[in-house]
Every structure is written in structure tokens, then in C-alpha cells.
Amino acid sequence: MKIDIFNHVMPMRYLEMLKTHSKDPGIVKRMSNLRMLWDIEARVKMLDEKFPDVQQVLTLALPSPELLGGP
């Protein structure tokens, strides 16, 4: 088994908040187009089919929440 600790996810709720609060429409477009980033079920299916020996430690993708707004 291999453990992937350098992958990123953007849960749908976080993506929706990014759309609301980001001042950079480009990053919103890029993140929205990366299905494996926000569709966890599709990610799991892809891993099961193509990389059955890989497990992932999920980490939040950029931008981090503190970059989206003031205090």
C-alpha cells in the first residue's frame, strides 16, 4: 500500500464559499473545473479503479480560508 499525503481536496461547501468570497475569478474557474478536487465520490471511484494500492490523507486545497477575507 502507498499513502499519498500530498493531495488536495475542496469540499463542495468550501468551493461555494470560495465562489462567494474570492476576489480572483480565475482561481474559482480553475478549481471548479477540477472535478477530482471537489467530487469525493468520483475521486474514490478513480482511485479504486486506477490506483487500488493508494490511500490518501485528505488536505484542504488552496487558497486557504485566511486568504479569502479580512479578520
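The side chains of Lys-19 and Glu-16 meet in a salt bridge, with N to O at 3.6 Å; the term requires a side-chain nitrogen of Lys or Arg within 4 Å of a carboxyl oxygen of Asp or Glu. The structure, a predicted model, holds 2 salt bridges. Local features need pLDDT of at least 70 and side-chain atom pairs count only at pLDDT 80 or more, while totals for chains, interfaces and linings use all residues. Residues are numbered from 1 along each chain as its sequence is written, and side-chain values use heavy atoms, with hydrogens and water left out.

**Salt bridges**

- Lys-19 and Glu-16 both lie in helix α1, 3 residues apart, about one turn of the helix; helices are DSSP runs of H or I, at least four residues, numbered from the N terminus.
- Lys-19 is partly exposed at 39% relative accessibility, and Glu-16 is partly exposed at 38% (buried is under 20% relative accessible area, exposed over 50%, partly exposed in between, with a 1.4 Å probe and protein chains only).
- Arg-35 forms a salt bridge with Asp-39, the closest N and O atoms being 2.8 Å apart.
- Asp-39 counts as buried at 16% relative accessibility, whereas Arg-35 is partly exposed at 48%.

**Faces of helix α1**

- Helix α1 spans residues 12–21, and its buried residues are Tyr-14, Leu-15 and Leu-18.
- These buried residues fall within an arc of 100° seen down the axis of α1, so they line one face of the helix; the arc is taken over directions from the helix axis to the C-beta atoms.
- Arg-13 and Thr-20 are exposed on the other side of α1.

**Packing**

- The buried residues of α1 pack against α2 (25–33) and α3 (35–38), contact being heavy atoms within 4.5 Å.

Notes. Helices (H or I, at least four residues) and strands (E, at least two) are DSSP runs, numbered from the N terminus.
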